[in-house]
Amino acid sequence: MLLISTKHYKMGGVILVLWLFLFASSVHLSHGISNEIHLLRPLHGSGGHHVPGLSCLSWRLGVETNNIIEWSTVPQACESYVGHYMLGRQYQKDSRVVAYEAFAYAQGLKLAGDGKDIWVFDIDDTALSTLPYHANHGFGADPFNSTAYNIWIYEGKAPALPESLMLYKKLQSLGIKVVLITGRSEAKRNVTTENLHNAGFHTWEKLILRGSSDTGTAVVYKSNARKKLEKSGYRIVGNIGDQWSDILGTNVGNRTFKLPDPMYYVS
């Protein structure tokens, strides 16, 4: 009994010391001691540059969780961070997680087999990547220039997102048809079709572009497009996009998937 009591006494002493250490640390931090505000708060962008008063990792988390909305440009202090994220392995890993989870979900579906089960894909930064353009325009830190962007789009050289192309092929192997809904204008149909083909997206059920009569926000436009699909008998079993406006609204499908994109915001 004495041995057990001694163990309990020692354990209690350790717990007390640990509690006092944590309490002292919290008091120490609460008085504004710099550089150790929070041990998990990154003090540098992923490029190694100091970001005073701002955690770019936290900003990106706010963007990806749709808590930071209606923003126009990436904070200037985070340009290097976003660039390193997009060009580094983490962006690929994050995209891969989304794609593999989407495929795992699709594998468990019981399809009707009538050709009406579809999966909706966005195009820009979902099927095709605009990273080559944004890499030359501050990774979203520069104000958006629609003229320069459209010139780049008409070059038709956007590469495929490898993870999305993988998902596209695997969905088709399961018998799920793909419908592409994009905010690109109808005038870009030919260049978009050719770009998709060259990037590896060879077949799809429908390619829906924004017409002159499609007014309203991206949420409204894409909701209406999905509603028309369902009215014509299609069942949207999945929906994937890089913007929250791709997967919010009505008729979003049985399950939605959000790819990472901290470079721009579309409402």
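Y133 is buried, and so is W152 (buried means under 20% relative accessible area, with a 1.4 Å probe and protein chains only). Keep in mind that this is a predicted model, where local features need pLDDT of at least 70, side-chain atom pairs count only at pLDDT 80 or more, and totals for chains, interfaces and linings use all residues. Residues are numbered from 1 along each chain as its sequence is written, and side-chain values use heavy atoms, with hydrogens and water left out.

**Aromatic rings**
- Searching the whole structure turns up eleven aromatic pairs; rings of Phe, Tyr and Trp (its six-membered ring) pair if their centres lie within 6.5 Å.
- In one of them, the ring centres of Y133 and W152 are 6.0 Å apart with planes at 50°, so this pair is tilted (under 30 degrees counts as stacked, over 60 as edge-to-face, and the rest as tilted).
- That pair ties together distant parts of the chain, with Y133 in helix α5 (residues 131-135) and W152 in helix α6 (residues 146-155), 19 residues apart.
- Y133 and W152 also belong to one aromatic cluster with F144 and Y149.

**Charges over rings**
- R60 puts its charged end over the ring of Y85, 3.9 Å from the centre; this takes CZ of Arg or NZ of Lys within 6 Å of the ring centre and within 35 degrees of the ring normal.
- K170 does likewise with F103, its charged end sitting 4.9 Å from the ring centre.

**The sheet**
- Five strands make an open, parallel sheet in the order β3-β2-β1-β4-β5; strands are DSSP runs of E with at least two residues, helices runs of H or I with at least four, numbered from the N terminus.
- β3 (206-210) and β5 (256-258) are the edges, each pairing on one side only; pairing takes at least two DSSP bridges.
- β1 and β2 run parallel, joined by four bridges, and V178 in β2 is the bridge partner of W119.
- β2 and β3 also pair in the parallel sense over four bridges, with I181 opposite I208 in β3.
- From β2 the chain crosses through helix α8 (residues 189-199) to β3, a right-handed β-α-β crossover (clockwise from the first strand over the helix to the second, with the strands pointing away from the viewer).
- β4 (residues 235-241) and β5 pair over three bridges, and I240 stands opposite F257 in β5.

Notes. Buried < 20%, exposed > 50% of the residue type's maximum accessible area, 1.4 Å probe, protein only.
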